[in-house]
Amino acid sequence: MKKLTVNAMSATYDILIEKGILKDCAKYIGSVVRGKRAMIITDTNVAPLYLDKVKDELENAGFETYFHIFTAGEESKHLGTVAEIYDSLSENEFTRKDFIVALGGGVCGDISGFAASTYMRGIDFVQIPTTLLSQVDSSVGGKTGVDTKYGKNLVGAFYQPKLVLIDPQTLSTLTDHYFADGMGEVVKYGCIRNAELFNMLETIDIKENIEDIILECLKIKRDVVVEDEKESGVRMILNFGHTAGHSIEKLAEFKKSHGECVAKGMVMITKASESLGITEVGTAKRIEALCSKCNLDTSCYYDIDTVALHARNDKKGSDNNLNIILIDKIGNSVIQTIDKNDFAKYLSK
Ligand SMILES: NC(=O)c1ccc[n+]([C@@H]2O[C@H](COP(=O)([O-])OP(=O)(O)OC[C@H]3O[C@@H](n4cnc5c(N)ncnc54)[C@H](O)[C@@H]3O)[C@@H](O)[C@H]2O)c1
Ligand SMILES: [Zn+2]
């Protein structure tokens with residue numbers, strides 16, 4: 001088993017990574033929670049695959065279990081779903097000593113974490129992420145929340161889990177689409193902080209080595225979020241490829257995966273930073289090749305000015321500055337503050 005400890009200012013918790021760890025979940029959960037009653041929150045795709053397993057394990061260990069299943073998909077990530085979870089908790093007389101288990105992808109983790117942070121002003125919660133994206137990214141760092149009709153993740157809270165249990169075996173049921181989606185973030189981690197990880201990804205069989213890959217990604221995410229829990233400084237480097245990526249996601253009306261859009265964003269900004277003499281020549285080509293190995297299409301079908309304009313409009317308010325993340329070489333990121341009207345100069349196709 002691989003273990004990482006997150007020493008966040010507001011809480012300390014462990015991330016445990018092991019193939020098959022689901023079957024031991026009760027032992028690990030039991031060592032961090034106070035109560036004996038668990039509300040397992042999951043979605044309609046994950047429930048038939050893993051709910052019984054987690055439920056049975058917990059019950060065999062003497063926990064009382066309840067579950068709440070919501071319709072899979074980003075469309076469920078709103079306050080209505082959270083209100084339904086509050087109702088399930090109240091109907092089953094959950095108190096402050098009881099706890100929530102988030103079993104699913106990033107949508108499940110974000111909704112459940114937010115419900116846990118607000119129900120009775122905060123109850124314990126445990127993350128069992130089941131998508132690659134949630135295993136390498138969203139389950140760690142304490143960001144929870146929901147979308148509103150005005151935008152994504154507009155309402156939320158920073159709230160740390162008591163424990164994160166990662167079973168890479170759950171990825172065997174994930175579609176290729178969602179596996180590739182998560183790889184967008186994996187490539188990003190290599191780019192911003194770990195040249196060795198990037199080199200390894202270029203050469204090895206990714207699925208065969210996924211447990212080590214997840215560990216390396218989480219070390220980076222852990223280090224960065226511990227340094228900057230509330231996102232005021234270094235945490236920004238996690239946004240490499242994301243400023244352009246988010247614009248492309250919106251332009252594509254969310255029909256392209258987040259990972260694919262981030263891949264496009266990373267390549268666009270690195271091609272430009274290479275021509276500007278900031279980045280080692282050949283870097284963009286390497287990122288492009290690795291993304292292609294991960295089944296991520298890096299071509300951008302929108303013109304640069306449209307992408308830049310969307311990014312600019314995203315950043316409303318009087319402040320004209322935009323912080324962009326560049327890499328000067330694989331494994332090393334640089335935060336640069338630019339005039340938001342100049343963003344197009346930092347993008348190239
Ligand atoms: N909190 C954070 O720091 C953070 C960071 C990045 C992303 N996010 C959020 O994460 C969300 C995206 O996460 P996601 O991509 O995991 O989405 P998701 O939770 O919707 O999961 C993707 C799909 O895979 C299915 N699924 C999950 N696990 C499965 C498994 N093991 N086998 C088969 N199918 C499975 C789900 O039902 C869903 O259809 C977004 O809402 C995003 O805003 C949060
Ligand atoms: Zn992302």
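In the protein chain, 73% of the contacts between residues at least 6 apart in sequence join residues at least 24 apart. Two residues are in contact if their C-beta atoms, placed from the backbone, lie within 7 Å. This is a predicted model: local features need pLDDT of at least 70, side-chain atom pairs count only at pLDDT 80 or more, and totals for chains, interfaces and linings use all residues. Residues are numbered from 1 along each chain as its sequence is written, and chains are lettered from A and ligands numbered from 1 in the order in which they are written.

**Exercise 1. Compare the radius of gyration of the protein chain with that of a compact globule.**

Step 1. Take the rule: 2.2 Å times the number of residues to the power 0.38, with the radius taken over C-alpha atoms.
Step 2. For 349 residues it gives a value near 20 Å; the protein chain has 20 Å, which agrees.
Step 3. The C-alpha trace covers about 60 × 45 × 35 Å along its principal axes.

**Exercise 2. Describe how domain 1 meets domain 2.**

Step 1. Count the contacts: 23 residues of domain 1 touch 20 residues of domain 2.
Step 2. Find the elements on the domain 1 side. Strand 1 (2-7), strand 2 (12-17) and helix 5 each supply at least two residues. Helix 5 gives the most, with five. Helices (H or I, at least four residues) and strands (E, at least two) are DSSP runs, numbered from the N terminus.
Step 3. Sort that side by class: 14 nonpolar, six polar and three charged residues. Ala, Val, Leu, Ile, Met, Phe, Trp, Tyr, Cys and Pro count as nonpolar, Asp, Glu, Lys and Arg as charged, and the others, Gly among them, as polar.

**Exercise 3. Locate the largest nonpolar core.**

Step 1. Define it: a set of buried Ala, Val, Leu, Ile, Met, Phe, Trp, Tyr and Cys residues joined through C-beta atoms within 7 Å. Buried means 20 or more other C-beta atoms within 10 Å of a residue's own, exposed 12 or fewer, partly exposed in between; C-beta atoms are placed from the backbone.
Step 2. The core has 99 residues, and Ile100, Val101, Leu103 and Val187 have the most contacts inside it.
Step 3. Look at Leu103. Its contacts include Ile40, Val46, Leu51 and Ile128.

**Exercise 4. Is helix 9 enclosed or open?**

Step 1. Eight of the 10 residues of helix 9 (residues 242-251) are buried, so it is largely enclosed by the rest of the structure.
Step 2. Name some. His242, His246 and Glu249 are among the buried residues.
Step 3. The buried residues pack against helix 10 (258-275), helix 12 (304-314) and strand 10 (321-329).

Methods. Lists of a residue's contacts leave out its neighbours within four places in sequence.
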